[in-house]
Amino acid sequence: MQNKVVRNLRDQASVLGSLVVGVVVWQVIVDYGIIPSFLLPAPTEIVAAIFSSRVNWWANIFATLREAIAGFVLGTALGLLLAVAVTASGIVRKIVMPYIVAIQVLPMVAIAPIIYILVGFNDLSRIILTSLLSFFPVVVGTATGLADVDVNLVYLLKSLGASESLIFYKVRLPNSLPHLFVSLRIAITGATVGAIVAEFVSSNIGLGFLMTTALTSFNIDLTYAAGFILTVIGLLLYGLVEGVGRASMPWFRRR
Amino acid sequence: MADLVSLKDVSKSYTAITGEVVEAIRGVSFDMHEREVLTLVGPSGCGKSTILRLIAGVEKPSSGSIERRAAEGKFVVGYIFQDSSLMRWRTVYGNIKLPMEILGKKGAEAKIPELVKLINLEGFEKAYPIELSGGMQRRVAVARALVHDPSVLLMDEPFTGVDEITKEILQTELNFVIRSLKMTGVLVTHDIEEAVYLGDRVLVLSAHPGRIVEEITVDLPEIREPVIKTEERFTRYTKEIREKLNLLHPLRLSRRPTDAPA
Ligand SMILES: Nc1ncnc2c1ncn2[C@@H]1O[C@H](COP(=O)(O)OP(=O)(O)OP(=O)(O)O)[C@@H](O)[C@H]1O
Ligand SMILES: [Mg+2]
């Protein structure tokens, strides 16, 4: 148990170490003029910009975070439902799958105007757009996990008289958990991107909105500052999903 | 004693992915007597696992009939597979308990500790399969197959892939467990020594499609110890099986690959 805690801390420390090294290298590159600072501001300048600007960071962070998480939850719920439907019935799979893939291959900037026209320029349309970027990995990953079970376990339950729904509950569902958590890690990054792009297209608040407005007024430092905060949020969300995955699957062998 | 399972002229064909019809077994008939261990031995792909699936009722025969009777209560099988096929998301205890949950037997969990002791896994109840050695996983699979007092025990190559030393230990343990619980079982194997060591009766199957080519009654004590494998009364049986499987035929040795050095 204590071993586990130590190992976990060491994992976290190495992630942090890797990030610190990255930031130091970046600082050196700019300080020595390898890349001019009007193109790539140094980390110190970015942090300075965060504190010196009059932007209400918390309000913007909150707006983006809300869209990302709501979209992630909606996308995951939708993805799970579709995964179950697609696994349960071959006909449903044939009918639904092409549309699922079509939505995924269309660029989001192309779908965004349609959604805004249909749903209106509001929070809901931004959340829908975000969910579109997170549901696909959940469908594919979970469906794989539901189908790819040890056939002997299915035989075992059948020989004991279990119904298909009991087999689903006892075998398929738990079997899909590792696949599901891989999908969720992809989905949470998708949701973060989705929230930003939705804000690019139409918004008056949020980190994506800040980035576009700062860029159009050539405020490079502020653009990077918003991007930096976004990255931190993305990493934290990813870490959170991974942490929940680890905690709920102590039985899963990694590496 | 009554027969628990009777197969009469059972054949089974599969339609392969290519659409081709594959005949797995042809005209197989045998009875399983109460408290007897029957072993099926035969080359790979001769339909041994198929016969177990048919007895378990998870597949239907293409022709012929299978009758099942329980000594008492409802007929139910205990099933051990070619690999241990444990639920990796469940602990040792949770895996052993599974058949009770499916059958809705409440309160019957009281016997799990006893079973854990019988298979020498005390102290590992809370361990997950990834934390167990291959041999320990096989033991859990044995306990899972026994927990619900099955009418017959189906064992599909329970020790394939286990190292020789562990295998000998597990075989002796399994023999002891089956006898002390007075189980009726059918064991599938392509290990000729194992077929004799664990069986009261050995059915030798031909290569695909599987047919029974010989039935050998093994007249050895119920509880067996490894030393018996070196005795003449044991090797007499293994030799007979090797003969029936054409393994002692000189033709085999003369059939060299064409590019083999002269
Ligand atoms: N679901 C299936 N679809 C098509 N063919 C199958 C199927 N299951 C088994 N077969 C075929 O039936 C034959 C017998 O298979 P089975 O698994 O019963 O053999 P086995 O004796 O258990 O072999 P092994 O010793 O390798 O486990 C094989 O030729 C196999 O290809
Ligand atoms: Mg087999």
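The model is predicted, so local features need pLDDT of at least 70 and side-chain atom pairs pLDDT 80 or more, while totals for chains, interfaces and linings use all residues. Residues are numbered from 1 along each chain as its sequence is written, chains are lettered from A and ligands numbered from 1 in the order in which they are written, and side-chain values use heavy atoms, without hydrogens and water.

Let's start with ligand 1. Which residues come nearest to it? Of the 14 around it, they are B:Ser44, B:Gly45, B:Lys48, B:Ser49 and B:Thr50; "near" means a heavy atom within 4 Å. Helix H1 of chain B (residues 48–56) gives the largest share of this shell, four residues. A helix here is a DSSP run of H or I, at least four residues. By class, the shell has three nonpolar, eight polar and three charged residues, with Gly counted as polar.

Now the polar contacts, pairs of N or O atoms within 3.5 Å. A polar side-chain atom of B:Ser49 is 2.7 Å from a ligand 1 oxygen. A polar backbone atom of B:Gly47 lies 3.0 Å from an oxygen of the ligand, and for a side-chain N or O atom of B:Glu157 the distance is 3.1 Å. Alone, ligand 1 exposes 640 Å², and the protein buries 69% of that (Shrake-Rupley method, 1.4 Å probe).

Finally, over to chain A. Helices H3 (residues 57–88) and H6 (residues 123–147) have axes that come within 5 Å and cross at roughly 40°; axes are lines fitted to C-alpha atoms over the stretch in contact, with angles from 0 to 180 degrees between N-to-C directions. Their contact has 16 nonpolar, nine polar and four charged residues.

Conventions. A polar contact is a pair of N or O atoms within 3.5 Å; within protein, one must be able to donate a hydrogen and the other to accept it, and residues adjacent in sequence count only if both atoms are side-chain atoms. Helices (H or I, at least four residues) and strands (E, at least two) are DSSP runs, numbered from the N terminus.
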